[in-house]
Amino acid sequence: MKIWPGNPYPLGATYDGGGTNFAVFSEVAERVELCLFSDDGQETRVDLPEREAFVWHGYLPRVVPGQRYGYRVHGPYEPGSGLRCNPGKLLLDPYAKAIEGDVKWDEALFSYRFGDPASFNDIDSAPHAQRSGSSRW
């Protein structure tokens, strides 16, 4: 899947008639993966190729409204400093126009193992997490 640079604004997933621009703010991320989900739940990951003013962004041609997606953020994991970047965790887009699904509570949703808040839990949370969605027109 070929991703173009896109634009840093507007934030969120924005359809322009030919594709969708994805943009998300993160001051601490070292890498951000856009995760697209098919109707049967298959995940495709694409690195957002650009960062400008702490906004990671990319444009995918032919991605239309209704696409389910999330992000995985790579970066520092320093719980004592409030930093818990963990690519094992699927994150909702804080600028999403829609959210799909229910939370299926599971330890995989947490960045730490139960009973040890300082530990690192890299279990994939995607099977248990909600998904962001671009709005339908």
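1. The lining of the largest pocket is made up of 13 nonpolar residues, four polar ones and two charged ones. Please keep in mind that this is a predicted model.

2. On the volume of that site: the largest pocket holds about 290 Å³ of space. Its lining comprises 19 residues, and those closest to the pocket centre are V73, R84, N86, K89 and L91. Two elements each give two or more residues to this lining, namely strand 2 (19-25) and strand 7 (68-74).

3. Is E33 buried or exposed? Its relative accessibility is 7%, and because buried means under 20%, E33 counts as buried.

4. What does the side chain of E33 make a polar contact with? The partner is the side chain of R31, at 3.2 Å. Leaving aside residues up to four places away in sequence, E33 touches R45, V46, D47, G70, Y71, R72 and H74.

5. Finally, the annotation. UniProt lists residues 10-96 as "domain: Glycoside hydrolase family 13 N-terminal", in an unreviewed entry. In the model, that span is 51% strand and 0% helix.

Conventions. Residues are numbered from 1 along each chain as its sequence is written. This is a predicted model: local features need pLDDT of at least 70, side-chain atom pairs count only at pLDDT 80 or more; totals for chains, interfaces and linings use all residues. Side-chain values use heavy atoms; hydrogens and water are left out. Buried means under 20% relative accessible area, exposed over 50%, partly exposed in between (1.4 Å probe, protein chains only). A polar contact is a pair of N or O atoms within 3.5 Å; within protein, one must be able to donate a hydrogen and the other to accept it, and residues adjacent in sequence count only if both atoms are side-chain atoms. Contact means heavy atoms within 4.5 Å. On a 1 Å grid over the protein atoms alone, a cavity is a set of points where a 1.4 Å probe fits but cannot get out, and a pocket is an open set with protein on both sides within 12 Å along at least five of seven lines; lining residues have an atom within 4 Å of a point. Grid points are joined across faces, edges and corners, and a volume is the space filled by probe spheres set on the points. Helices (H or I, at least four residues) and strands (E, at least two) are DSSP runs, numbered from the N terminus. Ala, Val, Leu, Ile, Met, Phe, Trp, Tyr, Cys and Pro count as nonpolar, Asp, Glu, Lys and Arg as charged, and the others, Gly among them, as polar. UniProt positions are given in the numbering used here, feature names are shortened, and annotations may be inferred rather than shown by experiment.
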